[in-house]
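Biologist: I would like a close look at a single part of this protein. Please keep it brisk, and walk me through what surrounds that part.

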Amino acid sequence: MSDWKEYTIGDIGKIITGKTPRTAITENYGGNTPFLSPSDNMDVKYVGYTNKSLTEQGVKEVKNCLLPKNAICVSCIGSDLGKVLITVQPTVTNQQINSIIVNNENDVNFVYYLMTVVGKDLNYMSKTSTAVPIVNKSSFSNYKVSIPPLAKQKKIAGILSSLDDKIEINRKINARLEELAQAIFKSWFIDFEPFGGKMPEDWEVCDLSEILTIKYGKDHKKLQDGKIPVYGSGGVMRYADKALYDKESVLIPRKGTLNNIIYVDDPFWSVDTMFYTEMKIDNVSKYIFYCLKRLDFEQMNSGSAIPSMTTNILNALKFNLPTNTILKGFEGLMNPIFLRIKELSQESSRLAELRDALLPKLMSGELKPE
């Protein structure tokens with residue numbers, strides 16, 4: 001590591017702390033400039049998973065905080081502390097994100113991976129006395145890191161980026177497969193295209209309780225670590241050594257993010273904020289999964305401060321129930337799509353594990369790139 005030298009993050013490039021404009025924030029990309037906050041999806045390498053944007057008026061109000069393409073955004077607050085991504089277009093962040101506009105002496109991708117390592121230490125940089133950890137611009141800028149020459153940076157980043165690029169390709173393929181599955185569902189069960197444009201007369205209308213049984217999740221705190229996913233209303237919380245259920249199921253949030261409907265066909269554990277379901281009818285799980293995904297459960301919220309769902313509300317929901325022959329035919333179309341999505345997701349998980357194993361060794365100089 002003789003050619004690695006110590007610098008501060010501020011030496012790597014210009015540090016920009018974001019700012020929230022007073023007005024002109026729109027939802028669903030009403031403007032041209034993405035507006036990013038730590039609560040958005042910052043678990044991927046590249047920005048693009050936020051619903052909020054700024055109009056031209058909003059950008060003018062915070063023009064000194066406008067980031068160019070290839071800026072490194074680092075979340076510096078709370079439970080999202082240390083999340084990192086790279087902008088793919090001019091972007092504005094809120095004040096809870098510090099960003100680096102990388103200078104010409106350093107490689108953007110290398111700095112991204114460097115910050116994913118630094119992000120794990122941000123809790124120690126928090127100097128506030130509040131319950132929520134916050135890293136200010138000064139502490140962030142003065143944090144010291146070891147960096148090799150530019151040529152070596154590019155080699156290290158190239159190894160890690162090749163893995164992330166494949167993960168991103170898999171994500172895009174899965175997104176297209178999911179769109180295909182939803183299009184088939186809509187064609188069959190909303191537009192009734194295979195049935196002459198109307199619902200067949202031999203289909204029944206029934207309550208959800210006639211299709212499946214809703215089950216409560218259980219506490220996971222006494223479980224040991226393992227490989228079984230543990231689901232809460234926000235998704236996978238951790239991996240444990242035991243499963244609560246091992247058959248096909250549709251998970252329905254009980255509290256929190258109520259529209260996060262999830263299909264699973266591997267053993268899993270569900271906590272008390274996420275219902276799981278047992279099917280009463282063969283070949284119905286994927287059909288009812290897409291039926292439920294079309295509903296807006298946020299509008300059915302029975303809670304006050306915390307969005308909540310009840311079994312009474314769910315059990316009384318009414319759905320068209322196709323014949324067993326139709327359900328079996330739909331299942332036959334869906335199975336290869338779901339299988340391919342699962343295969344690509346598993347491949348991405350393996351690639352992510354490899355990347356995460358290589359990352360600290362490459363970034364510390366322990367493992368030397370050829």
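Take Phe-192: does it count as buried or exposed, and at what relative accessibility?

Modeller: This is a predicted model. Phe-192 has a relative accessibility of 12%, so it counts as buried, the cut-off being under 20%. Phe-192 is found in the loop between helix 6 and strand 11 (204–207). Its backbone deserves a look too. Most residues other than glycine have a negative phi. Phe-192 is not a glycine, yet its phi is positive, at about 55°.

Now the ring. Phe-192 belongs to one aromatic cluster, together with Phe-185, Trp-188, Phe-189, Phe-195, Trp-203, Tyr-263, Tyr-287, Phe-289, Tyr-290, Phe-330 and Phe-338. The structure as a whole holds 23 aromatic pairs. One of them joins Phe-189 and Phe-330, two members of the cluster. Phe-189 has 5% relative accessibility, so it counts as buried. Phe-330 counts as buried as well, at 0%. A further edge-to-face pair is that of Phe-268 and Tyr-276, at 5.9 Å centre to centre and 75° between the planes. Both Phe-268 and Tyr-276 are buried.

Helix 9 still has a kink of about 30°, placed at Met-334, shortly before the proline Pro-336. Just after the helix comes Gly-365, with a positive phi of about 90°.

The largest nonpolar core has 41 residues. Those with the most contacts inside it are Phe-330, Leu-208, Ile-288, Leu-292 and Leu-314. Several elements give two or more residues to this core: helix 6, helix 7 (285–293) and helix 9, along with strand 12 (212–215), strand 15 (249–253) and strand 19 (318–321). The largest share, eight residues, comes from helix 9. Take Leu-314 as an example. Leaving aside its neighbours within four places in sequence, Leu-314 is in contact with Leu-208, Ile-214, Ile-252, Phe-275, Phe-297 and Met-309. A second, separate core has 30 residues, including Cys-76, Tyr-112, Leu-114 and Val-118.

Back to the backbone. Asn-283 is another residue other than glycine with a positive phi, here near 60°. Asn-283 lies in the loop between strand 18 (274–279) and helix 7. At 30% relative accessibility, Asn-283 counts as partly exposed, whereas Phe-192 counts as buried.

Methods
Residues are numbered from 1 along each chain as its sequence is written. This is a predicted model: local features need pLDDT of at least 70, side-chain atom pairs count only at pLDDT 80 or more; totals for chains, interfaces and linings use all residues. Side-chain values use heavy atoms; hydrogens and water are left out. Rings of Phe, Tyr and Trp (its six-membered ring) pair if their centres lie within 6.5 Å; planes under 30 degrees apart count as stacked, over 60 as edge-to-face and the rest as tilted. Buried means under 20% relative accessible area, exposed over 50%, partly exposed in between (1.4 Å probe, protein chains only). The bend at a residue is the angle between axes fitted to the seven residues ending there and the seven starting there. Helices (H or I, at least four residues) and strands (E, at least two) are DSSP runs, numbered from the N terminus. A nonpolar core is a set of buried Ala, Val, Leu, Ile, Met, Phe, Trp, Tyr and Cys residues joined through side-chain atoms within 4.5 Å. Contact means heavy atoms within 4.5 Å.
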